[in-house]
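Dear colleague,

I am handing over the structure below, and I would be glad if you could read my notes beside it.

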Amino acid sequence: MRQFTLAALAAVTAAVTLPAHADMIGIYASADYWQYDGKADVAETGKTQESFSFDQQEQAAIAVSFEHPVPLIPNVRVRHTTLKGTDTQNVAGFEFGNALFPLGDVTLDLDFTSTDLILYYEILDNIVSVDVGLAAKQVDGDITASSLLQKETVSFKETIPMAYLSAGGSLPFTGFSFKAEAAGISYDGSSITDAQAEIKYDLIDNLLVDVGIKAGYRQLLIDLEDVEKTDAKLDFKGPYLGLEFHF
């Protein structure tokens, strides 16, 4: 049914065979303020897609990670993101949700949440760090198309397995570090890619808690083919600012 790409298979194999390298128990918590531009190309399956754009949306993304030194048991990260957008376009013959919007203005409202459960191993953990593992992304929400005469809503709730990779490093004696991470999969004509890169500066660094401020850029691409009788290409991208705490 769902077929992993070769890249996903390679990451899965590495995640299963490589041990964790965390030196001690640690908890990481972060909160990001993400300002993104969004785009949605949607239609009933097999029909001509209509494009809608969402400018300058601001939403929060939060994440918590738990790392430990126990071999073979993966570390755990949970990340939650809210995605919203509204746009109005003049359409002709737009088919969505088993309905035809013949001619005129149609407003598209998108309200989604994206929740990731990531299981990963640290294969390097010093000046240079590399994590590899598996993720499950749950996409849950609604897309609503409405005009003066009608309104149609398509609801999605999909849990999608993905391969996960993260790599980063620190600049000794400066307080600065950097990281890039990506998760993705392609299956049955659909695909998802969630990638981001950031630079962080440690404001506080002691035995009790580390606090860092970070800035980065994130892009989330969701391409769904014939899900709930709908084709949808969703693209969210933009910069973010955040705080990270390490206990």
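Strand 6 (residues 151-171) gives the largest share of the lining of the largest pocket, namely six residues; strands here are DSSP runs of E with at least two residues, helices are runs of H or I with at least four, and both are numbered from the N terminus. This is a predicted model, in which local features need pLDDT of at least 70 and side-chain atom pairs count only at pLDDT 80 or more, while totals for chains, interfaces and linings use all residues. Residues are numbered from 1 along each chain as its sequence is written, and side-chain values use heavy atoms, with hydrogens and water left out.

The largest pocket holds about 1,300 Å³ of space, and of the 49 residues that line this pocket, Tyr 28, Asp 125, Lys 200, Glu 244 and His 246 are the closest to its centre. A pocket is an open set of points on a 1 Å grid over the protein atoms alone, where a 1.4 Å probe fits, with protein on both sides within 12 Å along at least five of seven lines, and lining residues have an atom within 4 Å of a point. The volume is the space filled by probe spheres set on the points, which are joined across faces, edges and corners.

As for the chain, one helix and 10 strands are present, and the sequence order is α-β-β-β-β-β-β-β-β-β-β. The C-alpha trace spans about 65 × 40 × 20 Å along its principal axes. Of the 247 residues, 43% count as buried, that is, under 20% relative accessible area with a 1.4 Å probe, protein chains only.

With best wishes

Technical notes:
Buried < 20%, exposed > 50% of the residue type's maximum accessible area, 1.4 Å probe, protein only.
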